[in-house]
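Hi,

Here is the structure I promised to pass on.

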Amino acid sequence: MTGPVLITGGAGFLGSHVCERFLAQGKEVLCLDNFITGAARNVEHLRDDPRFTLVEHDITKPYAAEPAPSLVVHMASPASPPAYLANPIPTLEVGSVGTINALNIARAANAPLLLTSTSEVYGDPEVNPQPESYRGNVSCTGPRSVYDEAKRYAEAAVMAYHRSYGLDTKIVRIFNTYGPRLAPGDGRAIPNFVKQALEGSPITIYGDGSQTRSFCYVDDLVRGILSLAESDEHDPVNLGNPDERTISELAQLILEYTGSSSEIVYRDLPEDDPKVRCPDITRARQILSWEPQVPLEEGLPRSIEWYRSEIGAS
């Protein structure tokens, strides 16, 4: 494979780390982003590398990839609840039309395609932890459905191209991921809590704090994505950290690590917000020999250090 790795949404939080890792492997990278939620500054440190190309493009519009890519990684999509709730139609379009366009690019190049899907395909799960075989408990008309159903459609499209055209496809279902370049105030728990703690603002917990999440450090997640890209696996694979924590526990850890005296306040839980979220990573262990290596107690301080410099807190 001699062409570049084409990454849609490559200027996003996670996409920028994936670009970085492929470059570190000696690959050429073609990064496409329309900057709805991505930011050029996320890949600014890569711009001087002659193997890196950044193109402003909306993947819901056709794209003629020249030279032909050796791999397509379709990551484009708003990912945080505030972002996709503010952009419901673009979120649905990138999951549907954008996925078909990415698949057609891969098919024309006879290149593999990897779709970054999400644990949100499981909805508000009635099974915990969630294995890939679980079909989910998703509202197809609720406000979060614009993201959940877009990703479920994207998975269906990827498997249809695999079955119909023999396209080499892979699907990763990503659970909550955090780390540097996840924007302060992004809307997800860790960036929200850290920003509030560093600014001395009240930490806002939605619900009573007993709901759970499982937080995977970005370096671990990207390592898993690249392993899946190199594998022969076509069915979805969960990637995430099975260390399940309550939101209240997370808030207390962030208060401890930031030394903040922020108070904790409680607000109503948003509609369809999952009560539990924890990956069953049995298949990732078996197929990829992958499991996370960075515990929350190590990844959070690394992330807080980045947030301190990012928002100018001392």
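How many aromatic pairs does the structure hold? The structure holds 6 of them, where rings of Phe, Tyr and Trp (its six-membered ring) pair if their centres lie within 6.5 Å, and planes under 30 degrees apart count as stacked, over 60 as edge-to-face and the rest as tilted. A pair of aromatic rings is described by the distance of the centres and the angle of the planes.

Before the details, some ground rules. This is a predicted model, in which local features need pLDDT of at least 70 and side-chain atom pairs count only at pLDDT 80 or more, while totals for chains, interfaces and linings use all residues. Residues are numbered from 1 along each chain as its sequence is written, and side-chain values use heavy atoms, with hydrogens and water left out.

Back to the rings. Tyr 122 and Tyr 134 make a stacked pair, 6.1 Å centre to centre with 25° between the planes. Both sit in the loop between β5 (113–118) and α4, so the pair ties together parts that are 12 residues apart in sequence. (Helices, H or I with at least four residues, and strands, E with at least two, are DSSP runs numbered from the N terminus.) Tyr 122 is buried at 0% relative accessible area, and Tyr 134 is buried at 15%; buried means under 20%, exposed over 50% and partly exposed in between, using a 1.4 Å probe and protein chains only. Together with Phe 175, Tyr 122 and Tyr 134 form one aromatic cluster.

Another pair, Tyr 161 with Tyr 165, is edge-to-face: 5.1 Å centre to centre, 70° between the planes. Both lie in helix α4, 4 residues apart, about one turn of the helix. Tyr 161 is buried at 11% relative accessibility, whereas Tyr 165 is partly exposed at 44%.

Now for how α4 packs. Helix α3 (residues 88–109) and helix α4 (residues 145–165) pack at about 15°, their axes 8 Å apart; axes are lines fitted to C-alpha atoms, for helices over the stretch in contact, and angles run from 0 to 180 degrees between N-to-C directions. That makes α3 roughly parallel to α4 (under 35 degrees is roughly parallel, over 145 roughly antiparallel, 65 to 115 roughly perpendicular and the rest oblique). The contact (heavy atoms within 4.5 Å) includes Leu 92, Ile 100 and Leu 103 of α3, and Val 146, Ala 150 and Tyr 161 of α4.

Which residues of α5 are buried? They are Ile 190, Pro 191, Asn 192, Phe 193, Val 194, Gln 196, Ala 197 and Leu 198. That is 8 of the 11 residues of helix α5 (residues 189–199), so α5 is largely enclosed by the rest of the structure. Its cover includes β7 (177–178), β8 (203–206), α7 (247–258) and α9 (296–311). Just after α5, Gly 200 has a positive phi of about 75°.

Ile 247 is in helix α7 and is buried, at 6%. Among the residues that Ile 247 touches, beyond those up to four places away in sequence, are Phe 193 and Arg 213. The C-alpha atoms of Ile 247 and Arg 213 are 7.0 Å apart, although 34 residues separate them along the chain.

Lastly, Ser 16 lies in helix α1 (residues 13–24) and is buried at 0%.

Cheers
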